[in-house]
Structures are given as structure tokens and as C-alpha cells.
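Student: I have a structure open on my screen and would like to learn how to read it. Could you take me through some of the features, one at a time?

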Number of protein chains: 2
Amino acid sequence: MLVGLDPRAGSLPEGLRPSETESDPAVIAEAYGRFCRGVVDVVAPLVPAVKPQAAFFEQLGPAGMTVLGDVVRYASEKGLLVILDGKRNDIGSTATAYADGILGSGERSPWGADALTVSPYLGGDSLEPFVDVAKQREAGIFVLVKTSNPGGGMFQDLVADGLPVYRHVARYVERIAEQTAGQCGYGAVGAVVGATYPEQLVELRTEMPHAWFLVPGFGSQGGTARDVAGAFDAGGTGAIVNNSRGIIFAHTRKPYADRYGESHWQEAVEAATQDMIAQLRADTPAGNLADKGGA
Amino acid sequence: MLVGLDPRAGSLPEGLRPSETESDPAVIAEAYGRFCRGVVDVVAPLVPAVKPQAAFFEQLGPAGMTVLGDVVRYASEKGLLVILDGKRNDIGSTATAYADGILGSGERSPWGADALTVSPYLGGDSLEPFVDVAKQREAGIFVLVKTSNPGGGMFQDLVADGLPVYRHVARYVERIAEQTAGQCGYGAVGAVVGATYPEQLVELRTEMPHAWFLVPGFGSQGGTARDVAGAFDAGGTGAIVNNSRGIIFAHTRKPYADRYGESHWQEAVEAATQDMIAQLRADTPAGNLADKGGA
């Protein structure tokens, strides 16, 4: 599993939460930085990766993006893989600019993310630059295939040539995943498939044997461990399940709110993470992939 | 017309161009800021809007995003509308975060852009939050419908229920454009339609009478003034045609390179802008909309 870093001012625990009247983006951004580093400290020994949601940092303007950079670096230093959830894309050399800037550890990228989520609407020639950079830098991308939101089907489920659009996207993603597959059998290109569509998870797992699945929609959006079981291959690998609000704001939800309260919010994060790992172990083929053993 | 701000280190004029071995993103970002402000100084009296391409700033990390914020503010202060070309999107409240942060002049938005380009793959419920914020703040969004790149048809041209996917997107965009239409007849939601597909421009103009068209692909990508003529309505309004490299790097291309050279790059920008306005006047119904008179 991985933990989504989706900070929101109003949900931060007391002591970190900005005043409701706070309007300076730099002050809110600083609180996001302290909060996210606090989450990273707790989850780094438990999970292989975190997924900062770019939107919540970008919402705060340049000050937010500066803190996003700090959070990516901090998580990397703690040994976590960082999947930046930016849903970026553009055409040709502009896509190369995103890929070059965002992907790659160390000095090669000012952002230093290990992977990025990418939108497919612009077609294959917009995805290729990301694939090229990902291969060079041992990084990855996750292409939106079947998203977790209720209205995701509006265009994704349109049927063309007997297949919904998301299956066309899946076929293209599988082709480039296969071309870039390493010894583990998986390529540099994965797919975002929502936990809220368990049947499609099974169907797509069969159709995309070389693509890592990034599975959002667990927890707050309604997906359960049983729902995501189909995302894993027979060996219990091939998928990584995200939970954002259910983990980072555990201090606001039962039973963690009662047990720990706001003042012990990091213990709530830890307990919620361990509980989710246990659920994935019990109800999916993930085995120890659910925790630190997986990538 | 509008001018796209797509800075690239290697194409900046001498005096602004960073050394080829420069690796500090902050130094390159500072050069981008000086260059873009120099372009804005020249084009502000000539055109109604500029379109910074977020990717080239984000490529430089947080330092680039800080300069992007400066450029947006500078262009607004010079009286230009700013269309941020971010092709952003996400689901539900995450889309709201992008919309809230990016759209809106003055103190309500740390970015202060008048409009944003948005990707439709996630469906209608991902577009609604942008529409809501755009309405509240008298801002706008441009949804990708038919993009200008050669491979754009891979998913956009798939035919479902007798219509290509981009026409399904167009129908949804037209519906919300109509709902938000003001006295001018156009709504808060427009469409990105590439100059490289002149037939589809005509078809979509008919199908989307309430949607502003943002038309990329003119110039470097091959689109001509005749190609974009179909983007305008009978009154010569309803579309705004973008040119990025053809204007901002005019000092590198004939006849401007010979006439002005790198040392007079701002005069090259001015001449290229005026020439494009003249072409749009001659070959489209745009009339004075091609220049400062239009929005």
C-alpha cells in the first residue's frame, strides 16, 4: 500500500492547523510541510511509497510548490518512493519538459519524483516522452485508465469498436509496459484503476499483465480490501493500493479519533496504516507486498 | 490572437540565454522571468491575452513555479488576460483545489490566472468544480476537445455511438457553455481545438455555438490563418488563436532573424505579432478581434 499526502488546512490536527481566518498561502503551506513530514516519519518504516497530491500544494501558489518540493525530498531521504499525483500531460516537447523536470532522483530532476500520474486524452505521442524519460531514469508513470470517481465513465466507458475507451487506453498502456518490462515482468508504465470498480480491476489485470496498477479509491471513496483483490497477480504482486484521507486524517475518524485524539494524531496515522496492511493481507493475494516488502 | 509564453533555455536571445552548462534551475528560471516580461512589454499593447505554458516553468522545480507566478502577475498588471496552459484536472474536491488556487484575479487566488486549460478524461464531475469557480470569479476554462498534435486522434477519434469521442466531449462542453452564457452569447467554458484540424474546427464551431475556442497549432505546428478561419462565428468572434514559438522566438526565424537579429529580439516579437494579426484580418472573419479589440 501507499499513503496519499493530500493536506487540507481544515483537517490538520490542532497545533498544526492554521487559524480559520488565515489567508497567507505561505503560512498554510508551512503547516502542510510540517504535517506531511510528520506523516512521512510515521509511515516510512511501514510502506514503500507515498503519493503527494500536487493540487493541494499548487492551490497555495508558488509557496505551496516550494513546500511540495521539500516534502518530495524529505520522503525520498526517508527511503520512500514518491509518486507525484499531478495527472500532467501535454504534447511533444512540452510533455518532455514535464517528464524531465518531475522524474528522476537526485540532481537530474529539480522535483525528484520516482513516478508521476499522467492523463491519456492527448494520445500516444503525448505519452512517449514520459516513457522515454522514465526508462532513462529508472522512474515510472501511471496512466489514467479507469478512474475512481462516480462520473469517470462519461467518456471512459464510451464503447468504440466493441470496447470501452478505457480498454483502448489499457491496450496501449500494456503495449508500452511490455516493451519496457524488466526482470520482474513489469514495465515502466503502469495504470491508474479505481478500487471503486472491482470488476474492471479483474478484467484489466488480465488484459495488462505487464502494467503496475496504482489503485486509488480505497477507504473514503468506498473501496474495500476485497474490492482491490483483483488488482494483484497470482503471485500477490503488480498493484499498489492508495489511501489518503483514511490514513493521514485518521485522527478525525472512528475508531482512531476516540483512541488517540488530535494530540496523538501520529499514533492514529500509524494504527490506521497497520490496520489497512492487515486488511490487504487478509483479503487480497498481496501477502507481504502490502507492507514494506513491496514496491 | 494570443501569445504563448513557452520559454526554453536554448532558444532565448543572447544576453538572456543561460550558458549551455548552467544547471541551477533558479538561474534558468530567472532568465525565463526576464524574457517573459520582455515579451509581455512588447505584446501588451497588441493582443488581449498571453498563455504561459506551465510545463516549462514546472520543469525547473519550485524556482520555476515562483517565476511563473511573477509572470502571471506582471502580465495582469500590464492589462493582459492570462490563460494558464496547465491541462490540469482531478476528481471532485481535488479539482476544486486546482480551480480555487489557479483561477481568479487579485487576492482570491495565489496564481491569479483568468483562465486555465483542463483535460476531460476524468468526466463531467471532474469539470464541474472548475465551472463553479470560474462562474464565481468571472474566469474561464478551456477543455481539451480536439488537440493539435499528430497523435491526438488515438483516443479522441475513436467512434462511439456514431460520433468520435471528441464530439462527445464537445457536446458536454457546449451544454455547460450554454448554461453559463453571458450577454455576449459565450459561456465560461470553452474548447481547445487545434488549428491543424481545419475541417473539425468548422464542424465544432457549428456544434458548440456557446463555447469560446482556444486554437493552438498555428505557425510552428503548421496551421495557417486560412486553417483557423472556421473557428470564428459569422460575426468574427468566438475564437482566439495562439502562437507561441513563432512569436517569442521570432529572432530565430526568417525573415525576422535577418531583419532584427538576436540583439533586437523584442522588435522581432513585435513584427511577428503584427504580421500574424494582419494574416488573421486578411484570411479570417476575425476583424479587429485579432488584435487588442478582442478578448
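Student: At what angle do helix 1 and helix 3 of chain B pack?

Tutor: Keep in mind that this is a predicted model. For a pair of helices, look at the angle and at the spacing of the axes. Helix 1 (residues 25-43) of chain B packs against helix 3 of chain B at about 15°, and their axes are 9 Å apart. Angles under 35 degrees count as roughly parallel, so helix 1 of chain B is roughly parallel to helix 3 of chain B. The crossing of helix 1 of chain B over helix 3 of chain B is right-handed.

Student: Which residues of helix 1 of chain B meet helix 3 of chain B?

Tutor: From helix 1 of chain B come B:P25, B:A26, B:A29, B:E30, B:Y32, B:G33, B:C36, B:R37 and B:V40. Helix 3 of chain B answers with B:A63, B:G64, B:V67, B:D70, B:V71, B:Y74 and B:A75. Sorted by class, the residues of this contact are eleven nonpolar, two polar and three charged.

Student: How is helix 1 of chain B placed on the strands?

Tutor: For a helix on a sheet, ask which strands lie under the helix and how the directions compare. Helix 1 of chain B lies across strand 1 (2-5) and strand 2 (49-52) of chain B, and runs at about 175° to strand 1 of chain B. Helix 5 of chain B gives you another case: it lies across strand 4 (115-118), strand 5 (140-146) and strand 8 of chain B, at about 145° to strand 5 of chain B.

Student: In what order do the strands of chain B close into a barrel?

Tutor: To read a barrel, follow the pairing from strand to strand. In chain B, eight strands close into a barrel in the order 1-2-3-4-5-8-9-10, with parallel pairing. Neighbouring strands of this sheet are turned by 30° against each other on average, direction ignored. For one of the pairings, take strand 8 (residues 189-193) and strand 9 (residues 213-215) of chain B: they run parallel and are joined by two bridges. There, B:V192 has B:L214 of strand 9 of chain B as its bridge partner.

Student: And how does the barrel of chain A run?

Tutor: Its eight strands close in the order 1-2-3-4-5-8-9-10, and the pairing is parallel. From one strand to the next, the twist averages 30°. Strand 1 (residues 2-5) and strand 2 (residues 49-52) of chain A run parallel, joined by four bridges. One of the partners to look up is A:A49 in strand 2 of chain A, which pairs with A:L2.

Student: At what angle does helix 1 of chain A pack with helix 12 of chain A?

Tutor: Helix 1 (residues 25-43) and helix 12 (residues 265-283) of chain A pack at about 45°, with axes 9 Å apart. That angle makes helix 1 of chain A oblique to helix 12 of chain A. A:G38, A:V39, A:V42 and A:V43 of helix 1 of chain A make the contact with A:Q266, A:V269, A:E270 and A:T273 of helix 12 of chain A. These residues divide into four nonpolar, three polar and one charged.

Student: How many residues does each chain bring to the contact between chain A and chain B?

Tutor: Count each side, then see which elements supply the residues. Chain A and chain B each bring 49 residues. On the side of chain B that touches chain A, helix 4 of chain B gives the most, with six residues. That side has 23 nonpolar, 21 polar and five charged residues.

Student: Which peptide bond of chain A is cis?

Tutor: Most peptide bonds are trans. The bond from A:K254 to A:P255 is cis, with omega near 0°, and A:P255 sits in the loop between helix 10 (245-248) and helix 11 (256-259) of chain A. In chain B, the bond from B:K254 to B:P255 is cis, with omega near 0°.

Methods
Residues are numbered from 1 along each chain as its sequence is written. Chains are lettered from A and ligands numbered from 1 in the order in which they are written. This is a predicted model: local features need pLDDT of at least 70, side-chain atom pairs count only at pLDDT 80 or more; totals for chains, interfaces and linings use all residues. Two strands pair if DSSP finds at least two bridges between them. Axes are lines fitted to C-alpha atoms, for helices over the stretch in contact, and angles run from 0 to 180 degrees between N-to-C directions. Angles under 35 degrees count as roughly parallel, over 145 as roughly antiparallel, 65 to 115 as roughly perpendicular and the rest as oblique. Two residues are in contact if their C-beta atoms, placed from the backbone, lie within 7 Å. Ala, Val, Leu, Ile, Met, Phe, Trp, Tyr, Cys and Pro count as nonpolar, Asp, Glu, Lys and Arg as charged, and the others, Gly among them, as polar. A crossing is left-handed if the near helix is turned anticlockwise from the far one by less than a right angle, and right-handed if clockwise.
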